[in-house]
Amino acid sequence: MSFDQRVFRDALGQFPTGVTVITANPDGCKPFGVTANSFSSVSLDPPLILWSLQKNSDTFSTFEKTTHFAVNVLTDKQEAISNQYAKKNNHDLNDEHFQLGETGTPLLYDALVSFECEVDMCHDAGDHIIIVAKVLAMTEVNGAKPLVFCSGKYRELAPLEG
Ligand SMILES: Cc1cc2nc3c(=O)[nH]c(=O)nc-3n(C[C@H](O)[C@H](O)[C@H](O)COP(=O)(O)O)c2cc1C
């Protein structure tokens, strides 16, 4: 069986996700962030999450040095933040976008929730690596609506009629 990569990508894009910005400040690096929708929950006990990073990302070598990072779940008011940190060569965090969390990791202001994590293990996975991490701390959920991504476009949640 064979299928076109573009068709495969479009098919995968039918699965709606939230949008996160992964932020970190490993030793010797400026605080940086990359937009990612591959975030997923993994385990409650121990508390584990995962996300995947494309190997050709400009941030790949920096993430190789990163032991701690934060997952910031974006709200439907943070589309501009998502676009900003999805631009190539544009991953330095603006000073006014973040504060440091309990573990010293940069956390985005006004995120729906932020998880401070420590890398547990990395799995090689084709053109990506899967980063599995232990959650060390989290902010309070602020009750805003999540930013949703589906079919290559940002969406908002709406209740079903009826
Ligand atoms: C909604 C959205 C979700 C994304 N999710 C991921 C992801 O899960 N993993 C990833 O490596 N890149 C993801 N990207 C791409 C990166 O944010 C970024 O565009 C890309 O890494 C830019 O290239 P650079 O990393 O080489 O600077 C996503 C982009 C958008 C807009």
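Colleague: How many nonpolar, polar and charged residues are in the shell around the ligand?

Modeller: By class, seven are nonpolar, 10 are polar and two are charged. Keep in mind that this is a predicted model.

Colleague: Noted. Which residues come nearest to the ligand?

Modeller: Thr35, Ala36, Ser38, Ser57 and Asp58, out of 19 residues around the ligand. Strand S3 (32-36) and strand S5 (48-54) are the elements that give two or more residues to that shell.

Colleague: And which element has the largest share?

Modeller: That's S5, with four residues in the shell around the ligand.

Colleague: OK, on to the sheets. Where do S3 and S5 sit in the strand order?

Modeller: They belong to an open sheet of seven strands, and the order goes S3-S2-S6-S9-S10-S5-S4. The pairing there is antiparallel. S3 is an edge strand, as is strand S4 (40-43), so to speak the two ends of the row: each pairs on one side only.

Colleague: Remind me, what do strands of a sheet pair through?

Modeller: Backbone hydrogen bonds, and the pairing can be either parallel or antiparallel.

Colleague: Now the three-strand sheet. What's the order there?

Modeller: S1-S11-S12, an open sheet with antiparallel pairing. Its edge strands are strand S1 (17-18) and strand S12 (153-156), each pairing on one side only.

Colleague: How many bridges join S1 to strand S11?

Modeller: Two, antiparallel, with S11 covering residues 147-150. Look at glycine 18: its bridge partner in S11 is valine 148.

Colleague: And how many join S11 to S12?

Modeller: Four bridges, and those two strands run antiparallel. Cysteine 150 has lysine 153 in S12 as its bridge partner.

Colleague: What about the hairpin of S11 and S12, which residue there takes a positive phi?

Modeller: Serine 151, with a phi near 50°. The hairpin has two residues between the strands.

Conventions:
Residues are numbered from 1 along each chain as its sequence is written. This is a predicted model: local features need pLDDT of at least 70, side-chain atom pairs count only at pLDDT 80 or more; totals for chains, interfaces and linings use all residues. Two strands pair if DSSP finds at least two bridges between them. A residue is near a molecule or strand if its C-beta atom, placed from the backbone, lies within 6 Å of it. Ala, Val, Leu, Ile, Met, Phe, Trp, Tyr, Cys and Pro count as nonpolar, Asp, Glu, Lys and Arg as charged, and the others, Gly among them, as polar.
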